[in-house]
Amino acid sequence: MEKQSNATGNLQGYADKEKGKGGINRTYKSRLFEMIFSSKRELLELYNAVNGTSYENPEELDVNTLENAIYMSMRNDLSFIIDSRLALYEHQSTYNPNLPLRFLMYTANLYSNMTKDRNLYGSRPVRLPAPGFVIFYNGLSEQPDRQIIKLSDVYEVQDREISLELKAVMLNINRGHNEKLMDKCKTLKDYSIYVDKVREYTKSMPLEDAVEKAITECIEDNILAEFLRNNRTEAKNVSIFEYDEEKHMRQIKEESREEGREQGRKEGEAYTLERVNHLIRLLASQSRTEDIVRAASDREWQEKLFKEFGL
């Protein structure tokens, strides 16, 4: 019952944000990953799998995810404290080198809330839960099973000694990756299989049909079965939204690359034209008319003249 009630509450939050309730204009939508792991039981299983721990009581886990995301127009996916450790989890379908910076902002906000009634100016240290940062990646670009993304990677100046560092572990949770981790957390493995099915079926059928087929098969095969049975409509809607968003982001990136290539081509053409005009002026100043005529139709001769004049 705990899993169902937590998921339902998160789904209601999703619906509220969709309708714009509360007078706050938000663009954030709950993710399927977050909805699934909104259950403390599932979240504890995930934490144990990632950290090699064996905690058994979900109530030891204190969820403190930033729900009101007016701060920097951002919110984090999952945040919780267990055994004096602060865990911040993010799910990403695209590689994002700025996540350490976002984690820093999230952590600062969380620490600020934790210490607002404590004396930060006293002689006694204000104890804080030790943070840990994990990114669960299931995008289409090839990424290793595990890598470390650092805040210092985006510093404009790379000093020998770094005064402020934040390291986040990015785990590839696409199907076929991190199999030992998946074996420790069935729900994570099931999520990976479900996403893979949706992507595979969209190659041969409309998105809505692909999602419906993936959900039906997963329920039949006991893959996220309880969650999908209890939240079928919401899971379907969110899956469609996420896939459309993922596709849209890929299209934007491809358009940006194409614009970059086109800009580079135009700049290259402009540079070549300027070189040719400069060469013609130099040849004309020396009355080398025959070289001008020959260079117009002989590329090798043109290159030879460029070298001669250092162009």
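Asn178 lies in the loop between β6 and α5 (179-184), where helices (H or I, at least four residues) and strands (E, at least two) are DSSP runs, numbered from the N terminus. This is a predicted model, in which local features need pLDDT of at least 70, side-chain atom pairs count only at pLDDT 80 or more, and totals for chains, interfaces and linings use all residues. Residues are numbered from 1 along each chain as its sequence is written, and side-chain values use heavy atoms, with hydrogens and water left out.

Most residues other than glycine have a negative phi. At 15% relative accessibility, Asn178 counts as buried; buried means under 20% relative accessible area, exposed over 50%, and partly exposed in between, with a 1.4 Å probe and protein chains only. A second case is Asn222, a residue other than glycine with a positive phi near 60 degrees. Asn222 is found in the loop between α7 (207-220) and α8 (225-230).

Let me now turn to the chain as a whole. The chain holds 11 helices and six strands. Of its 311 residues, 40% count as buried. Contact means heavy atoms within 4.5 Å. Among contacts between residues at least 6 apart in sequence, 59% join residues at least 24 apart.

Next, the sheet. In which order do the six strands stand? The order is β1-β2-β3-β4-β6-β5, in an open sheet with mixed pairing. β1 (62-63) and β5 stand at the edges, each with a single partner strand, so one side of each is left without a neighbour in the sheet. Two strands pair if DSSP finds at least two bridges between them. Strands of a sheet pair through backbone hydrogen bonds, either parallel or antiparallel.

We may walk across the sheet from β1. β1 and strand β2 (residues 78-82) pair in the antiparallel sense over two bridges, and Val63 has Phe80 of β2 as its bridge partner. β2 and β3 are also antiparallel, paired over five bridges, with Ser79 bridged to Leu88 in β3. These two strands, β2 and β3, form a hairpin with two residues between them, and Asp83 in the turn has a positive phi of about 50 degrees. β3 is mostly covered, since seven of its eight residues are buried. Eight bridges then join β3 to β4, and these two run parallel; here the bridge partner of Glu90 is Ile135 in β4.

Ile148 has Val169 of β6 as its bridge partner. Which residues form the covered face of strand β5 (residues 146-150), and which the uncovered one? Gln147 and Ile149 make up the covered face, while Arg146, Ile148 and Lys150 make up the uncovered one.

I now move to the helices. Helix α4 (residues 99-114) lies across β2, β3 (85-92), β4 (130-137), β5 and β6, and runs at about 140 degrees to β3. Axes are lines fitted to C-alpha atoms, for helices over the stretch in contact, and angles run from 0 to 180 degrees between N-to-C directions. Pro100 is found in helix α4. Is Pro100 buried or exposed? Pro100 is buried, with a relative accessible area of 1%. Not counting residues up to four places away in sequence, Pro100 touches Ile149, Lys150, Leu151 and Leu166. Pro100 and Ser152 are 52 residues apart in sequence, and 8.8 Å apart in space from C-alpha to C-alpha.

In helix α6 (residues 186-201) we find Lys197. Lys197 counts as buried, at 13% relative accessibility. Leaving aside its neighbours within four places in sequence, Lys197 is in contact with Ala214, Glu217, Cys218 and Ile223.

Finally, I come to a pair of helices. Helix α10 (residues 289-297) and helix α11 (residues 299-309) pack at an angle of about 125 degrees, with their axes 6 Å apart. α10 and α11 are therefore oblique to each other: angles under 35 degrees count as roughly parallel, over 145 as roughly antiparallel, 65 to 115 as roughly perpendicular and the rest as oblique. Their contact is made by Asp291, Arg294, Ala295 and Ser297 of α10, together with Arg299, Trp301, Gln302 and Leu305 of α11.
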